[in-house]
Amino acid sequence: MKLDQLRIIVDERERKSGIPDLLKSVGLNLEMKTLPIGDYIVAPETVVERKSIRDLMASVFDGRLFDQCSRLKEHFEHPIVLMEGNVDEIEEITENPLIFYGALSTVVLDFKIPVIPTPSASHTAKLLVSMCSRQDSQKGPFLKKIKKSNDLEKQQLSILCSLPGVGEKFAVRMLTKFGTPLNVFSATLAELSKIEGLGEARAKKIKKTMDTQSKFQKSSNQKTLHDV
């Protein structure tokens, strides 16, 4: 397939990276858009989120990374995180590289999203061309109508994700079934067990977490010398 027959959709914010210019220089057809998720759509179901090492670390520390991964998985069959730069930079950014590798492990093992390293923008461009030129690429519309999740939705999901054994997938199922986090907390063991894939054992753990009396209340009920 000739490069001038290939098409790639690029997020407007990627202009300053220099990668769109590199892609243009080899003859690819670029469409610049403001994408709600991801940086490069190289096939109808393949989206690439590009992060420099520093961007990746920043998104780990501010909690954006896992939210982005959830949305990538929700809307695309083949999301990819592309990690650009020299991994030795991690030593300069954080005193504990295990935080970095722990986050990567979560992306790969929990979200099932591959992480591909590239050393520079020119290598990133080569990888994108390679992904774009696969002969067996599916046909179909590249762009989807993707609704941006609002802050209230994120807060509701975050509240439910704090429960034992509950990730984004189950949190969404809970809200779909019960409507509000309060209704989830009020649900019976039998009702929770009926959520697809959750099971009785996990439902019991959730109920135990919500029903067990806190030690903080016990200590606050003890009289002090001032109360006597």
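These exercises look at a predicted model.

**Exercise 1. Aromatic pairs**

Find how many aromatic pairs the whole structure holds, and classify each one.

*Solution.* 
Step 1. A pair of rings is described by the distance of the centres and the angle of the planes.
Step 2. Search the whole structure: two aromatic pairs turn up.
Step 3. Take Phe66 and Phe111. Their ring centres are 6.0 Å apart, with 25 degrees between the planes. Planes under 30 degrees apart count as stacked, so this pair is stacked.
Step 4. Phe66 is in helix α3 (residues 64–75). Phe111 is in the loop between α5 (97–110) and β6 (115–118). The two are 45 residues apart, and the pair links distant parts of the chain.
Step 5. Take Phe100 and Tyr101. Here the values are 5.1 Å centre to centre and 80 degrees between the planes. Planes over 60 degrees apart count as edge-to-face, so that is the label for this pair.

**Exercise 2. Buried or partly exposed?**

*Solution.* 
Step 1. Set the cut-offs. Buried means under 20%, exposed means over 50%, and partly exposed lies in between.
Step 2. Start with the stacked pair.
Step 3. Go on to the edge-to-face pair.

**Exercise 3. The setting of Arg202**

Describe where Arg202 sits and what it touches.

*Solution.* 
Step 1. Locate it: Arg202 belongs to helix α11 (residues 199–211).
Step 2. Judge its accessibility. The value is 29%, so Arg202 counts as partly exposed.
Step 3. List its contacts, leaving aside neighbours within four places in sequence. They are Pro164, Gly165, Phe170 and Gly197.
Step 4. Check a distance. The C-alpha atoms of Arg202 and Val166 are 8.6 Å apart, while the residues lie 36 apart along the chain.

**Exercise 4. Cysteines**

Count the disulfides, then judge Cys69 and Cys161.

*Solution.* 
Step 1. The whole structure has zero disulfides.
Step 2. Cys69 has a relative accessible area of 1%, so it is buried.
Step 3. Cys161 has 29% relative accessibility, so it counts as partly exposed.

Note on methods
Residues numbered from 1 in each chain as written. Predicted model: local features only at pLDDT ≥ 70, side-chain atom pairs only at ≥ 80, totals over all residues. Heavy atoms only, no water. Helix = DSSP H or I, 4+ residues; strand = E, 2+ residues; numbered from the N terminus. Buried < 20%, exposed > 50% of the residue type's maximum accessible area, 1.4 Å probe, protein only. Contact = heavy atoms within 4.5 Å. Phe/Tyr/Trp six-rings, centres within 6.5 Å; stacked < 30°, edge-to-face > 60°. Disulfide = S-S within 2.5 Å.
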